[in-house]
Amino acid sequence: MFHYWFLSSCKSISYGSRVKFHTRMDLNQKRARSVDPDLVSPESTTSPFPDEVLEPVLSLIDSHKDRSSVSLVCKDWYHAERWSRRHVFIGNCYSVSPEIVAGRFPKIRSVTLKGKPRFSDFNLVPEDWGADVYPWLSVLAKAYPFLEELRLKRMAVSDDSLRFLATNFHEFKALSLLSCDGFSTDGLKAIATHCKNLTELDIQENGIDDIGGDWLSCFPESLTSLQVLNFASLNSEVSFNALEKLVARCKSLRVLKVNRNINLDQLQKLLLRAPQLTELGTGTFTQDLVTRPVADLETTFGYCKNLLTLSGLWDSNSLYLPVINPACASLTFLNLSCATLLSFELTMLLMNCKSLRRLWVLDTVGDRGLEAVGSWCPLLEELRVFPADPFEQEEVAGVTESGLVSVSRGCPNLHYVLYFCHQMTNAAVATVVQNCPGFTHFRLCIMNPGQPDYQTNEPMDEAFGAVVRTCPKLQRLAVSGLLTDLTFEYIGKYAKNLEILSVAFAGSSDLGLKYVLGGCPRLRKLEIRDCPFGNAALLSGLTKYESMRSLWMSACNLTMNGCRVLAKEMPRLNVEVMKDEDSEDSQAHKVYIYRTVAGPRRDAPPFVLTL
């Protein structure tokens, strides 16, 4: 009963206090010595519970947001939370220094660290912008030699950094690299060679120099602890003999995602070695010559009783797809973003996937394929539809508003959608959210910038107005199409729980951004590109930015003077301007603004001006 009371006490802290706390940054080293009395419960500054009671209970709380709230209750809870914390999440590697983190939390065993702004995924951030992981590793090695897990996203990671990691953390177990760059397969060799207790190696969507697959042969024969192995995004051939032996001796392996060089014969051998898998990423799913009948592979999939997630399926076709049918009934996540399926192929597959909660597909499935989703996947919660050719300038068949409406009719639990299309209507979006009012993430990308409702030729204002009015739980929104300031007025007025907003090629004037910054009380991240917002819009957010994590603005109407005024008024923000070779001196073409307790960063390249 104490546990329930304790957790409910944590939840009772007001939202205003949490915002105030986040503004001051719970990682501030000064907080390790004292707690602002304005931030703790007025009833008490001490706790009736001794540390030996508090710390074990606090260790049960996983959410970093809840832990931040816990530390506000009183001084004793603040210090107990400090000593009981084992994992730290840093949403921006420049928002705090590694020294401050080490001083605040002495017993960390797991670190999650994010680096470059998200628009780096679209080549809008220069490669040598920063976010090098090495300064963090050098501090962590001294403060946390017992570190077990490191999860990096959009960080610059060199081979030397991976070698340092592999040789300085002797209890290291788990490495996840997502959208990182700067390293090669030589760095993976170091991890495989020196991390004797490795349980996870997850390499996803990285800018890696793939100079050979022999890194997989570097795992020692004594290694049996591996639970997660993902090298699906690598291109080179690996030693299948080494891979098969590794899979065979790691009896606890639950996630295996291989690259497209693994053929169907090899896949079958791996599945026979590891029928306990819960997540599988296949290699290529077609083959000219097979040494075993296709029916044998289908039988092997039947042995995979625990399989919940399936991805890969490169080059698949209607001849080989049926072999996965025996495993489809239990699947909750089917990632077909690498499989160019047609509508009838998807339909035949989904007839066996009635437990799906998440589905990723390419737009080659068309509206008919999405009709099958609505017919056969009543439990679906997340849908992502990606363009097969994102650089195609001319309109292709793809998917339209009809497909999204069909999914919403058959999938009432849908709450996450990422949808790339060439056309959309206001009425269709209103129908979708009316059918599924529980949306938390609504990301619509109409691929032709400034595209209006193609039936009425009206702006898409009412579409997104319907989203924010109908979906009170909305946390993330990406808007597109022809949009006026009315869209942003709707967002500022109704999106009370919105945390992340992405905007491109939209808006009429500064008023649009003013509406958003004047509303949206929980906004954390704001991403804007190619919009007519200028200095007045930027400066209207002076009271908002310290409660946000970051603001990105590129190809807008900002000037250096406007950015300087913001930097002067808000000294606890880093206001960074990235200068292009052909940009005018007075213009601020790319601006990245974020809160920090570490001050201006010391590794900014010459083209980054910190104001």
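**Figure 1. Strand β15 is covered on both of its faces.** On one side sit Tyr416, Leu418 and Phe420, on the other Val417, Tyr419 and Cys421, and all of them are buried (buried means under 20% relative accessible area, exposed over 50%, and partly exposed in between, with a 1.4 Å probe and protein chains only). Six of the six residues of this strand, residues 416–421, are buried, so β15 is largely enclosed by the rest of the structure. Helices (H or I, at least four residues) and strands (E, at least two) are DSSP runs, numbered from the N terminus. Please keep in mind that this is a predicted model, in which local features need pLDDT of at least 70, side-chain atom pairs count only at pLDDT 80 or more, and totals for chains, interfaces and linings use all residues. Residues are numbered from 1 along each chain as its sequence is written, and side-chain values use heavy atoms, with hydrogens and water left out.

**Figure 2. β15 pairs with β14 and with β16.** Two strands pair if DSSP finds at least two bridges between them. Strand β14 (residues 382–386) runs parallel to β15, and four bridges join them. Here, glutamate 382 has tyrosine 416 of β15 as its bridge partner. Six bridges link β15 to strand β16 (residues 441–446), again in parallel. Look for cysteine 421 opposite isoleucine 446 of β16. To get from β15 to β16, the chain passes through helix α17 (residues 426–435), making a right-handed β-α-β crossover. A crossover is right-handed if, with the strands pointing away from the viewer, the path from the first strand over the helix to the second runs clockwise.

**Figure 3. β16 also pairs with β17.** Most of β16 is covered, with five of its six residues buried. Within β16, cysteine 445 is the bridge partner of phenylalanine 420. Three bridges join β16 to strand β17 (residues 476–479), and the two run parallel. Arginine 443 stands opposite alanine 478 in β17. Together, β16, helix α18 (residues 461–470) and β17 form a right-handed β-α-β unit.

**Figure 4. Helix α15 has buried residues covered by several elements.** This helix spans residues 366–376, and Gly366, Asp367, Gly369, Leu370, Ala372, Val373 and Gly374 in it are buried. Their cover includes α14 (343–350), β13 (358–362), β14, α16 (401–410) and β15.

**Figure 5. Leucine 477 is one of the residues with the most contacts inside the largest nonpolar core.** A nonpolar core is a set of buried Ala, Val, Leu, Ile, Met, Phe, Trp, Tyr and Cys residues joined through side-chain atoms within 4.5 Å. The largest has 178 residues, and Phe301, Phe442 and Ile491 are also among those with the most contacts inside it. Contact means heavy atoms within 4.5 Å. Which residues does leucine 477 touch, leaving aside its neighbours within four places in sequence? They are Phe442, Phe464, Val467, Val468, Ile491, Leu498, Ile500, Leu501 and Ser502. In soluble globular proteins, nonpolar side chains tend to be buried together.

**Figure 6. Serine 184 makes a polar contact with aspartate 159.** Serine 184 belongs to strand β5 (residues 181–184), and is buried, with a relative accessible area of 5%. Its side chain and that of aspartate 159 are joined by a polar contact of 2.6 Å. A polar contact is a pair of N or O atoms within 3.5 Å; within protein, one must be able to donate a hydrogen and the other to accept it, and residues adjacent in sequence count only if both atoms are side-chain atoms. Not counting residues up to four places away in sequence, serine 184 touches Asp159, Ile208, Asp209 and Ile211.

**Figure 7. Glutamate 205 and phenylalanine 505 each have a positive phi.** Glutamate 205 is not a glycine, yet its phi is about 55°. You can find glutamate 205 in the loop between β6 (200–204) and β7 (207–209). Is glutamate 205 buried or exposed? With a relative accessible area of 57%, glutamate 205 is exposed. Phenylalanine 505, likewise no glycine, has a positive phi of about 55°. Phenylalanine 505 sits in the loop between β18 (500–504) and α20 (510–518), and counts as partly exposed at 34% relative accessibility.
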